[in-house]
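Dear colleague,

Please find the structure below, handed over together with some notes on what was found in it.

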Amino acid sequence: MKILLVRVSSMGDVLHNLPMVADIARHHPDASIDWVVEEGYTSLVRLNGRVGAIIPFALRRWRKSLGKRETRAEIAAFFKTLRERRYDYVFDTQGLLKTGIIMGAARLAPGGQKVGLANGSEGSGYEGVSRLFHSKSIPLDPRTHAVARGRLVAGAALGYAVDTPADFGLPDAPRPVPPPDWMPAEPYAVYFHGTARDAKKWPAQNWIALGAQLAPMPILLPWGSAAEKAEAELLAAALPNARVLPKLAMADAVTLARHAALAVGVDTGLTHIAAAFARPTVELYCDSPRWKTEGNWSPKIINLGDRGAPPDVAAVLAAAKSLLGQ
């Protein structure tokens, strides 16, 4: 059986799609599974050893230079690669026009099916026009967890029940040797404090109060934009045990999350990566619904807060100490 998964972005959504792979492999161990994903997330998908061919999609970059010959050549090459194989099943679990077009261009084996979402979840960017490219649309409860959505779609199409904890297929690994320059020798905590929407942030004074209680444990502060770097520098200035990291590539950001002794983060992709690796993780929900993405597959993940009800420092500190075994 040849299967193609179409889930191109964003980081958290790509991550939450990974358990589909383990489910399919468990019930159809001879299946080969390919994946179309935004080029920036190929290193994340590649960590799952059950994924075969990874077909990079670069719409974020292409749309900046659609008039250039080189860009048009890249787009043509993408569709050529996409159509080199015939698939028994193509799954679009994102439900957007762009992913529908990718699904529509993929080639099917005789009797093959193109399967997608019949509806979106609450607050999602689902685009109903994507159903035009389906041969089968799977309806789901609008409050289905982000990890469960893809799993249920595949289970409905392939004839199995989804009745096991999510398996992201992300193996344990020793610390890199030699370690990156930014990685401390001792166990460290990481603050995933940055997010695109201000309402989802946890106040700076809370991060500082928590860091003071975690001292002398090193706290690493990643960032992804100039604004997030400024916020990290503000925290580091108030915490002698905190350190602002250099700009990290995706692979390094995954390494950061993968080896943290403790991750504390708001509802953002890097927090979810730490949770997917089942690292001790405290997920903070300040202005997004907890039901949608909370880590519910490991006792090493503690979810606090909810939309409009951010957690206080005492609750986060208690969770952190519990995870650290203090």
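**Contacts and burial**

Apart from its neighbours within four places in sequence, leucine 235 is in contact with Tyr191, His193, Ala204, Trp207, Ile208 and Leu221, where contact means heavy atoms within 4.5 Å. This is a predicted model, in which local features need pLDDT of at least 70 and side-chain atom pairs count only at pLDDT 80 or more, while totals for chains, interfaces and linings use all residues. Residues are numbered from 1 along each chain as its sequence is written, and side-chain values use heavy atoms, with hydrogens and water left out.

Leucine 235 belongs to helix 9 (residues 226–238); helices (H or I, at least four residues) and strands (E, at least two) are DSSP runs, numbered from the N terminus. Leucine 235 counts as buried because its relative accessibility is 3%, the term buried meaning under 20% relative accessible area (1.4 Å probe, protein chains only). Between the C-alpha atoms of leucine 235 and histidine 193, which are 42 residues apart along the chain, the separation is 9.9 Å.

Threonine 195 sits in the loop between strand 7 and helix 8 (204–214), and with a relative accessible area of 7% threonine 195 is buried. Leaving aside neighbours within four places in sequence, the contacts of threonine 195 are Lys200, Lys201, Glu228, Val266 and Asp267.

Helix 10 (residues 250–258) is mostly covered, with seven of its nine residues buried, namely Met250, Ala253, Val254, Thr255, Leu256, Ala257 and Arg258. The buried residues of helix 10 pack against helix 1 (11–17), helix 3 (42–46), strand 7 (189–192), strand 8 (219–221) and helix 11 (269–276).

With kind regards

Technical notes:
Buried means under 20% relative accessible area, exposed over 50%, partly exposed in between (1.4 Å probe, protein chains only).
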